Amino acid sequence: MALLHRPGRPAPTGHPRRLARTAAALAATLALLPPLVAAGGASAQEVPAADVDVHVNTQAALGRLSDTARGVNAAVWDSHMNDPEVAALMKTADVGAMRYPGGSYADIYHWETHTAPGGYVAPGTGFDAFMGTVRATGAQPILIANYGSGTPEEAAGWVRYANVTKNYGAKYWEIGNEIYGNGHYGSGWEHDDHADKSPREYARQVRAYAAAMKAVDPTVKIGAVLTAPGNWPDGITGEGDPGDWNHTVLSQVTDVIDFVTVHWYAGGSDTSADTAMSRLTRLPGELREVRAQIDRYAGADSPRIGIALTEVNTNTGGAQLTARPNGLFAADAFMTALENGVFNVDWWNTHNGPGAITTVDGETDYGDMGMLASGSCTGDVCQPAPNTPFHPYYGMKMTGELGTAGDTMVAAASSAQDLSAHAVHRRDGRLSVLLINKNPDAARTVDLAYAGFSPSAAAPEVSRYARGDSDITDVTDSGASASRVTVPPYGMLTVTLTPKSGTGPGASAGGIPGTPRLEAVTDTTARLSWPGTTGAARYLVQERDGAHTYLVGETTGTSVTLRNLPPGSTHTVNVLAADSAGRLAAPSDPLTFTTGTPADAACTVDYHRDTSWGNGFVATVSVRNLSDTPITGWTVDWDWPTDGQSVSSGWNATFHQSGRHVRVTAPENAGPLAPDGTSTASFGFVGANDGPNPDPTVFRLNGTVCAGG
């Protein structure tokens with residue numbers, strides 16, 4: 001989010017402004033059928049040469065799709081919010097969550113009187129009417145308790161009405177919307193009546209809200225508001241605060257919350273959906289950093305706390321919002337977030353209202369952040385009839401073609417930047433692959449390869465959404481094969497394959513192991529354990545690198561110690577059960593962990609981020625020599641965890657960066673580093689970050705790994 005990002009702010013018109021491996025490679029089954037014909041019905045002689053390779057590995061699970069995976073926002077100022085067509089459309093798209101009462105309106109909205117002082121409330125948008133739409137959709141509500149002008153008692157009353165009086169079973173409750181936008185950091189779009197607007201006070205109030213609400217219904221899930229790492233005001237420490245928003249809040253609430261919420265708008269100086277699609281590469285790192293922050297403060301309890309992405313869109317205004325590129329972005333964004341550890345993604349918005357009128361890909365773009373038309377006008381340009389779907393709706397709907405609740409997301413990797421690939425291994429054994437061609441001018445012909453999956457000889461089922469399609473279209477008879485398909489320009493295909501008889505997890509007597517847990521970790525070892533499963537003769541622990549996996553551990557029990565791991569290295573592993581015949585069942589959910597640094601190292605490095613401002617920071621690094629001999633002419637090396645981090649300028653040393661690697665060399669007049677830690681060398685620098693800004697995990701002094709300071 002940009003500095004002045006104001007998602008959900010009540011606007012006068014009644015519409016909110018939004019804003020080293022120890023591994024022998026596990027034998028991969030690459031079952032490729034001979035190329036038949038390309039999608040679109042060309043003859044076998046006309047099949048173009050493939051220009052993209054996509055590799056899918058069903059042995060690398062990314063997690064299960066939840067029943068709330070796909071969601072949308074609904075707002076009390078939207079007079080079409082509860083039209084019958086909305087429920088029908090959302091049910092068809094397999095929407096499982098609907099968020100209410102609408103962004104920043106949540107912090108001025110009083111549920112019992114159905115009023116929002118200072119804002120507009122449309123007739124027919126009260127809580128019971130909203131729940132009628134939720135139930136007709138077959139979804140669950142995600143409700144935002146009023147933090148800005150409400151009280152814990154008011155929120156508890158809403159829980160009582162919803163779950164005791166009306167028996168709605170409302171499970172997910174956020175405490176406020178974007179509370180970090182309450183003016184504490186200098187920008188104030190979010191209403192907040194509290195005299196103390198600090199993250200410390202928000203954390204204190206979250207504890208009060210959680211206590212009051214769970215006293216009414218202990219089964220409700222409480223969510224606390226975080227800011228997306230790398231987005232304003234991430235990294236900024238307010239006056240008198242012990243840290244920035246996320247670290248201050250999480251340090252005080254992890255024992256009483258059940259999930260956290262973040263919002264993500266691709267943003268950037270270019271607000272086009274095409275640019276937003278390229279900026280999606282930042283999202284996995286940002287979500288990993290959210291999980292790392294939860295891990296830091298929740299410890300072993302971290303897996304209990306979920307992450308919900310309760311608002312997502314390309315930008316908070318501008319062009320390419322209803323046009324085809326944003327439909328591609330929607331599909332890509334939903335799956336990218338879900339593959340990276342969130343249980344819910346909610347599009348902003350169901351209806352939103354028109355903005356700037358432009359022409360994109362030969363179509364009128366209404367500058368509207370909604371999935372469905374509101375029927376409103378900008379000047380003499382009017383939208384289609386209310387509830388006419390825009391392209392983002394079909395992008396979300398296409399992810400429903402890919403998989404539903406309980407299905408397993410698996411690793412898929414594309415060789416081309418302009419073609420995204422996502423894959424889901426279905427509970428019935430089928431494999432679905434979603435291919436998104438972001439090139440507006442050229443079709444992409446894709447060679448598909450598989451590990452852990454052998455497709456049958458049957459032609460795959462194929463669904464398409466591309467130019468000329470008014471809805472997702474069945475093109476199964478177009479001639480696509482299991483090994484090669486062609487994706488139209490600015491188009492999407494979902495290819496669903498059946499497994500060869502007698503292959504795949506369904507042929508194994510083993511079940512799915514439970515999610516592995518990190519029991520202990522050192523600088524070079526990690527001890528893992530997991531719940532066992534029936535039919536398992538042994539368990540394989542596989543590490544994932546992209547869409548490829550490597551065997552790193554094997555045991556007949558339910559725990560293993562991985563050894564010879566590099567200090568400060570991050571690993572993602574799955575556990576698979578093999579039956580007595582050696583056939584593998586489906587993989588467990590993944591575990592990601594990072595090794596530490598040696599406790600008995602011959603040096604220490606203390607890395608301290610002095611200040612941050614969202615896309616930049618100042619850091620100081622102090623080095624001590626713990627060996628028994630002095631060191632003259634030192635160098636300090638580290639690698640940044642993400643591509644967007646860099647050193648801009650520095651002092652008391654010479655800095656050189658190549659890719660992610662940084663080398664810092666002592667100045668010419670520097671004296672030796674004395675032995676036994678009796679002297680310290682310090683240097684500092686100004687850094688930049690485009691996206692998340694996690695600290696480096698390992699430092700080396702003259703090539704020797706150091707302990708943390």
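In the predicted model, helix α4 comprises 18 residues (199–216), which at 1.5 Å a residue should span 26 Å. The end C-alpha atoms of α4 lie 26 Å apart, in agreement with this expectation. Buried positions in α4 are Pro199, Glu201, Tyr202, Ala203, Gln205, Val206, Tyr209, Ala210, Met213 and Val216. These buried residues pack against the strands β4 (140–145), β5 (172–175) and β6 (221–225), and against the helices α3 (152–165) and α5 (245–253).

Among the buried residues of α4, Tyr202 also belongs to the largest nonpolar core, where Tyr202, Phe130 and Trp173 are the residues with the most contacts inside the core. When neighbours within four places in sequence are left aside, the contacts of Tyr202 are Tyr147, Ile175, Ile179, Gly223, Ala224, Val225, Trp245 and Val249. The core has 113 residues in total. Its largest share, nine residues, is contributed by helix α8 (residues 324–339).

A further packing arrangement involves helix α1 (residues 84–92) and helix α9 (residues 391–402), whose axes come within 9 Å and cross at roughly 40°. The contact is formed by Leu89, Met90 and Thr92 on the α1 side and by Tyr393, Met396 and Lys397 on the α9 side. Classified by residue type, the contact between α1 and α9 consists of four nonpolar residues, one polar residue and one charged residue.

Technical notes. Residues are numbered from 1 along each chain as its sequence is written. This is a predicted model: local features need pLDDT of at least 70, side-chain atom pairs count only at pLDDT 80 or more; totals for chains, interfaces and linings use all residues. Side-chain values use heavy atoms; hydrogens and water are left out. A nonpolar core is a set of buried Ala, Val, Leu, Ile, Met, Phe, Trp, Tyr and Cys residues joined through side-chain atoms within 4.5 Å. Buried means under 20% relative accessible area, exposed over 50%, partly exposed in between (1.4 Å probe, protein chains only). Helices (H or I, at least four residues) and strands (E, at least two) are DSSP runs, numbered from the N terminus. Contact means heavy atoms within 4.5 Å. Axes are lines fitted to C-alpha atoms, for helices over the stretch in contact, and angles run from 0 to 180 degrees between N-to-C directions. Ala, Val, Leu, Ile, Met, Phe, Trp, Tyr, Cys and Pro count as nonpolar, Asp, Glu, Lys and Arg as charged, and the others, Gly among them, as polar. The expected span of a helix is 1.5 Å times one less than its number of residues.
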